[in-house]
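Work through the exercises below with the model open. Try each task before reading its solution.

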Amino acid sequence: MAGGGQAAISFMTRMAKVAAGLGVAASAASTSFYTVDGGERAVIFDRVRGVLPRTMSEGTHLLVPILQKPFIFDIRTRPHSFSSTSGTKDLQMVSLTLRVLSRPDVEHLPDIFTSLGLEYDEKVLPSIGNEVLKAVVAQFNADQLLTERPHVSALVRESLTKRAREFNIVLDDVAITHLAYGQEFAQAVEKKQVAQQEAERSRFLVARAEQERRAAIVRAEGESEAARLISEATTTAGNGLIELRRIEAAKEIASVLSRTPNVSYIPAGDNGQMLLGLNAARLQNFRTR
């Protein structure tokens with residue numbers, strides 16, 4: 001009986017040792033492998049040799065437990081936005097917002113990890129972005145930032161890409177998304193627009209007065225020429241032209257009066273009886289009354 005209990009205890013002890021060995025083996029196996037997902041790269045830190053120069057690609061990889069540790073980098077393009085208030089060449093304050101699309105240079109990930117760490121973009125991009133914006137904006141006047149915006153954007157993109165390359169950061173796109181002037185400049189622009197409108201109105205009035213003056217001169221010259229021609233015609237042909245104009249005027253007046261229902265025309269002389277149906281004697285008596 002005692003021998004059977006001793007055997008059971010011995011068996012349980014061996015099983016416990018086997019289970020412990022299996023657990024240690026499973027733990028060692030799990031810590032000996034790591035996985036790099038899509039859009040990521042890994043940098044290995046070795047406790048003996050330091051950061052290894054090799055970058056591990058996507059997939060499952062083997063490492064030495066305890067001695068090595070993987071650090072995962074996201075190499076996909078990520079957006080970053082930051083704002084800056086800068087002074088222009090004519091001492092106006094301008095607020096700009098810059099948006100960049102950045103990613104790390106995969107070939108230099110060990111250098112990035114050694115010098116900057118995993119949060120490399122948050123440490124570098126805001127500082128160099130503000131530096132480049134201030135340097136570029138200082139080269140232009142406030143109004144040139146609007147009239148030459150493509151040129152300004154190109155300078156910012158070129159300068160910022162060059163500066164980011166010094167930190168092994170690749171910029172896929174750089175864009176100025178917002179541009180705002182100070183209150184003083186906005187008021188100055190508004191006053192300038194009002195002054196320009198007043199100047200345009202003054203020029204219009206001057207031009208209209210000039211046109212009216214020219215029209216009056218032309219009209220006076222025309223009337224003078226007409227009077228000269230009439231005078232010459234009268235001298236050459238007598239008063240026939242004047243009588244013709246008088247007849248034409250009389251015909252026009254008669255035409256207008258004939259279309260007016262409240263006006264009756266009675267010719268002078270004895271012909272008046274033709275309209276009223278009266279003989280000469282009765283018409284004479286009517287007139288004497």
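**Exercise 1. Give the strand order of the open sheet of 3 strands, and state the pairing sense.**

Solution. The model is predicted. Step one: read the order, which is S3-S2-S5. The pairing is antiparallel. Step two: find the edges. Strand S3 (50–56) and strand S5 (68–74) each have a single partner strand, so one side of each is left without a neighbour in the sheet.

**Exercise 2. Describe how strand S2 (residues 40–46) and S5 pair.**

Solution. Count the bridges: there are 7, in the antiparallel sense.

**Exercise 3. Identify the residues of the largest nonpolar core that touch the most other members.**

Solution. The core holds 32 residues. Leu-98, Val-156 and Leu-160 touch the most other members. Next, trace the sources. S5, strand S7 (93–104), helix H2 (109–115), helix H3 (120–137), helix H5 (149–165) and strand S8 (169–181) each give two or more residues. H3 supplies the largest share, 8 residues. Now check the domains: domain 1 (24–74) and domain 2 (78–181) each contribute at least three residues to this core.

**Exercise 4. List what Leu-160 touches, leaving out residues up to four places away in sequence.**

Solution. The contacts are Leu-98, Val-100, Ile-128, Gly-129, Val-132, Leu-171 and Val-174. Finally, look beyond the largest core. Another core lies apart from it, with 7 residues, including Tyr-34, Val-36, Ala-42 and Leu-63.

Conventions: Residues numbered from 1 in each chain as written. Predicted model: local features only at pLDDT ≥ 70, side-chain atom pairs only at ≥ 80, totals over all residues. Heavy atoms only, no water. Pairing = 2+ DSSP bridges. Helix = DSSP H or I, 4+ residues; strand = E, 2+ residues; numbered from the N terminus. Core = buried A, V, L, I, M, F, W, Y, C linked by side-chain atoms within 4.5 Å. Buried < 20%, exposed > 50% of the residue type's maximum accessible area, 1.4 Å probe, protein only. Domains from an automatic or database assignment. Contact = heavy atoms within 4.5 Å.
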